[in-house]
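Subject: A structure for you to look at

Hello,

Here is the structure I promised to pass on. Please open it beside this email and follow along as you read.

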Amino acid sequence: MHTIVLAIDQGNFDLKYFDGLEAKAIRSVRFKLPKGRLPLTSNNTSPLIEFEDQLYHFGYQAYKYRKQSHTVEEEKEASALLNTLPCIEPYHSEFKLHIHTSHPEPDKAEEIISKQLIRSIDYKRNGKAMRVHIESVRVEPEGYPAYTYAKSLPDLIPDSGFTVVIDIGGGTWLSRLIDNKDGEIIDSTVSKRGGAYELATAIKFDERLCKALGDQPAAGMIMNGFADGSHHYPDNPRASWKPYLTEHLDPWFKGIFGEVKNQYQPYFPRIRRFLVTGGSSHLIAHKIQGIPLFALIPEPRFANVRGLLPMAIAQKAIA
């Protein structure tokens with residue numbers, strides 16, 4: 001029987017996965033279809049999952065139904081199994097699977113995640129039936145795999161001193177203080193809220209956007225405008241927050257970096273790099289550009305999931 005090794009980053013904005021060949025993403029939103037409801041068209045980025053006699057549509061197609069469930073509004077570990085299924089492509093009709101994933105607080109979540117995932121599962125993805133035997137799950141501290149990935153790239157991580165990884169996600173942000181010499185995490189801070197969803201919520205209540213839209217905006221739709229860089233409500237360019245984005249972005253940015261500064265002030269003489277990563281880090285890329293000691297990791301959206309899969313395993317990901 002074939003064995004697959006898969007890295008999965010269950011982000012609040014995207015479900016990212018990497019099998020050693022290509023990193024892919026699915027919008028972290030789903031719709032549970034009621035009995036008798038015919039599903040809309042599915043594809044690899046908006047897969048339809050049939051599991052335990054229920055149908056779930058993931059990705060951007062879920063926005064075409066009346067109401068959706070967002071991972072950012074849930075406890076990530078509580079929906080670990082459901083959010084894992086769309087990330088497993090039908091490599092074979094039956095295969096063994098080893099999963100590498102991450103969590104902001106792995107010590108608290110690893111047991112919950114492992115209990116959900118380590119099992120044999122029969123389900124369909126876009127109509128293709130699979131029997132998957134999940135044999136092991138490894139949960140890393142979120143943000144640390146991005147550091148591991150950055151170490152494999154030239155000129156990002158110094159050989160000595162400390163690096164502060166700042167991982168800005170959809171729902172959360174966190175930081176890790178890491179010794180470059182031995183890779184040890186010295187200190188961490190985890191904000192369960194405060195990611196881009198908080199910024200989207202602030203914009204959601206801006207009267208200028210409400211008037212332009214003619215309705216109460218949804219934070220999830222604003223997040224979509226963040227992701228594609230348009231900074232306007234989907235399918236409605238007139239409802240744009242771009243002219244006043246800075247008014248909301250500046251206090252959000254200062255809040256995150258103010259906490260980082262306070263947390264690691266005693267270590268500043270030994271810090272050689274502030275490494276910014278995460279799916280929402282593009283929102284502040286222009287603010288850190290040219291600042292000494294700061295670096296934005298290339299393709300920050302996929303840095304964590306790429307670092308989750310050890311390079312030696314990545315080359316053998318598909319047996």
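Predicted model: local features only at pLDDT ≥ 70, side-chain atom pairs only at ≥ 80, totals over all residues.

Let's begin with the cysteines. A disulfide is a covalent bond between the sulfur atoms of two cysteines. This structure holds zero of them. Where do C87 and C210 sit, buried or exposed? C87 has a relative accessibility of 0%, so it counts as buried. C210 is buried as well, because its relative accessible area of 11% falls under the 20% cut-off.

Next, the helices. Two packed helices are described by the angle between their axes and the distance between the axes. Helix α4 covers residues 196-204 and helix α6 covers residues 219-228; they pack at about 115 degrees, and their axes are 9 Å apart. The two are therefore roughly perpendicular to each other, and α4 passes α6 in a right-handed crossing. Which residues meet there? From α4 come A196, Y197, L199, A200, T201, I203 and K204, and from α6 come A219, G220, I222, M223 and F226. Sorted by type, the residues of this contact are nine nonpolar, two polar and one charged.

Finally, find K35 in the loop between β4 (29-33) and β5 (48-51). With a relative accessibility of 57%, K35 counts as exposed. Leaving aside neighbours within four places in sequence, K35 is in contact with D53 and Q54. K35 and D53 are 18 residues apart along the chain, and their C-alpha atoms are separated by 9.5 Å.

Happy exploring!

Terms used
Residues numbered from 1 in each chain as written. Heavy atoms only, no water. Disulfide = S-S within 2.5 Å. Buried < 20%, exposed > 50% of the residue type's maximum accessible area, 1.4 Å probe, protein only. Axes fitted to C-alpha atoms, helices over the stretch in contact; angles between N-to-C directions. Helix = DSSP H or I, 4+ residues; strand = E, 2+ residues; numbered from the N terminus. Parallel < 35°, antiparallel > 145°, perpendicular 65-115°, else oblique. Left-handed = near helix turned anticlockwise from the far one by under 90°. Contact = heavy atoms within 4.5 Å. Nonpolar A, V, L, I, M, F, W, Y, C, P; charged D, E, K, R; others polar.
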